[in-house]
Amino acid sequence: MRDAIIHCDGSPEMTRNLAGLLANDLPALTEPATRFLLECVEELPVKTPVYAALLGLLNASSPAFVEECAGAAIRRLEERLANAASSRDDQTRAKLLTRFIAIMPAVGVIKPSAAIDVLDALVCAAGDAADVAAAARAGSFGEGSRSAAS
């Protein structure tokens with residue numbers, strides 16, 4: 001399964017064939033397949049649209065798996081964002097997961113409104129972080145000038 005997913009070239013025929021093969025095995029492999037698919041999204045960003053298309057094709061035969069993947073992508077994004085302030089790697093992976101989530105409505109995996117909700121929360125969190133950083137800078141400048149005046 002891993003090699004087939006990694007080497008999927010994105011052609012419609014190959015993607016459909018892969019979806020057909022995976023559909024048979026997914027009930028028993030939901031957790032490892034979800035984990036591996038998200039690893040691929042984070043490690044092979046050039047294939048993000050292929051992985052989204054694969055989920056779109058699997059949605060007809062394995063909706064529970066697709067729902068789990070979509071939920072896992074959002075949870076993983078939240079985890080990456082929680083660590084993004086201290087890890088450049090988590091920042092990059094958060095961007096890649098955001099791209100994956102943003103593509104999902106185009107292939108019928110999630111509703112557009114759900115993707116907008118995720119993106120809205122992301123923008124709000126970024127705004128909050130910017131406000132905190134600005135306040136911290138203002139506070140450190142204020143303390144420095146008070147110390148110099150003393």
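Which residues line the largest pocket? In this model, which is predicted rather than experimental, the lining of that pocket is made up of L81, A84, A85, Q91, L122, A125, A126 and A129, and the space inside comes to about 220 Å³. If we sort the lining by class, we find seven nonpolar residues and one polar residue, with no charged residues. The element that gives the most to this lining is helix α6, residues 112–149, which supplies four residues.

Let me turn next to helix α4, which runs over residues 63–83 and therefore holds 21 residues by the numbering, with a reach of 30 Å from its first C-alpha to its last, close to the 30 Å expected at 1.5 Å a residue. Its buried residues are F65, V66, C69, A70, G71, A72, A73, R76, L77 and R80, a list in which you will notice two arginines, R76 and R80.

One of those buried residues, F65, also brings us to the largest nonpolar core, which has 35 residues, and in which I5, L55, L58, F65, F100 and M104 touch the most other members. At least two residues of this core come from each of α2 (12–43), α3 (48–61), α4, α5 (88–103) and α6, while α2 gives the most, with eleven residues. As general background, nonpolar side chains in soluble globular proteins tend to be buried together.

Key. Residues are numbered from 1 along each chain as its sequence is written. This is a predicted model: local features need pLDDT of at least 70, side-chain atom pairs count only at pLDDT 80 or more; totals for chains, interfaces and linings use all residues. Side-chain values use heavy atoms; hydrogens and water are left out. On a 1 Å grid over the protein atoms alone, a cavity is a set of points where a 1.4 Å probe fits but cannot get out, and a pocket is an open set with protein on both sides within 12 Å along at least five of seven lines; lining residues have an atom within 4 Å of a point. Grid points are joined across faces, edges and corners, and a volume is the space filled by probe spheres set on the points. Ala, Val, Leu, Ile, Met, Phe, Trp, Tyr, Cys and Pro count as nonpolar, Asp, Glu, Lys and Arg as charged, and the others, Gly among them, as polar. Buried means under 20% relative accessible area, exposed over 50%, partly exposed in between (1.4 Å probe, protein chains only). A nonpolar core is a set of buried Ala, Val, Leu, Ile, Met, Phe, Trp, Tyr and Cys residues joined through side-chain atoms within 4.5 Å.
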